[in-house]
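Please consult the sequence and the model shown here.

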Amino acid sequence: WSRFYVTPALLCLLLPCSKMSAESPEPRLIYSEKDLARHFEGIMQDLQNKNHDNWNKRCEALRTIRALIKGGANDLPVFASLIHSARQVLADCIADLRSVLVKEACKTVSLLA
């Protein structure tokens, strides 16, 4: 038998769609680009803090991104540049060893796609 190792990126593709929508956050409405930038500043601070005790805040930050998207934040012109600036921290979350964090990151990237 050969060993099959599921990488975090492959896990992202294997997650069933029904599971991905089951724990969907409530939409968070954003009314201005300034408000969105303020939210993203806090999100980025949480995602960049990689302390072992901080994984729950990182998961919550990923849920917040999904809530912002569902609230229509992706319709604002500044959204694309904010997400672009977060691409490395999203990739770091997908490559993390904590499976809960990987799952949340995959849900977020899937919604962005």
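The model is predicted.

**Packing of H4 and H7**
- Helix H4 (residues 55–70) packs against helix H7 (residues 99–112) at an angle of about 15°, and their axes lie 9 Å apart.
- Angles under 35 degrees count as roughly parallel, and the two helices H4 and H7 are therefore roughly parallel to each other.
- The crossing of H4 past H7 is left-handed.
- H4 contributes Trp 55, Arg 58, Cys 59, Leu 62, Arg 63, Ile 65, Arg 66, Ile 69 and Lys 70 to the contact, while H7 contributes Val 100, Leu 101, Glu 104, Ala 105, Lys 107, Thr 108, Leu 111 and Leu 112.
- By class, the residues of this contact comprise ten nonpolar, one polar and six charged.

**Val 100**
- Val 100 belongs to helix H7 and is partly exposed, with a relative accessible area of 35%.
- Beyond its neighbours within four places in sequence, Val 100 contacts Trp 55 and Cys 59.
- Val 100 and Trp 55 are separated by 45 residues in sequence and by 8.7 Å in space, C-alpha to C-alpha.

**The largest nonpolar core**
- The largest nonpolar core has 25 residues, of which Leu 36, Phe 40, Leu 47, Leu 62, Ile 65, Leu 68 and Phe 79 touch the most other members.
- Two or more residues of this core come from each of helix H3 (33–48), H4, helix H5 (79–85), helix H6 (87–94) and H7.
- H4 gives the most to the core, with six residues.
- Leaving out residues up to four places away in sequence, Ile 65 touches Phe 40, Ile 43, Leu 47, Ile 83 and Thr 108.

Technical notes. Residues are numbered from 1 along each chain as its sequence is written. This is a predicted model: local features need pLDDT of at least 70, side-chain atom pairs count only at pLDDT 80 or more; totals for chains, interfaces and linings use all residues. Side-chain values use heavy atoms; hydrogens and water are left out. Axes are lines fitted to C-alpha atoms, for helices over the stretch in contact, and angles run from 0 to 180 degrees between N-to-C directions. Helices (H or I, at least four residues) and strands (E, at least two) are DSSP runs, numbered from the N terminus. Angles under 35 degrees count as roughly parallel, over 145 as roughly antiparallel, 65 to 115 as roughly perpendicular and the rest as oblique. A crossing is left-handed if the near helix is turned anticlockwise from the far one by less than a right angle, and right-handed if clockwise. Contact means heavy atoms within 4.5 Å. Ala, Val, Leu, Ile, Met, Phe, Trp, Tyr, Cys and Pro count as nonpolar, Asp, Glu, Lys and Arg as charged, and the others, Gly among them, as polar. Buried means under 20% relative accessible area, exposed over 50%, partly exposed in between (1.4 Å probe, protein chains only). A nonpolar core is a set of buried Ala, Val, Leu, Ile, Met, Phe, Trp, Tyr and Cys residues joined through side-chain atoms within 4.5 Å.
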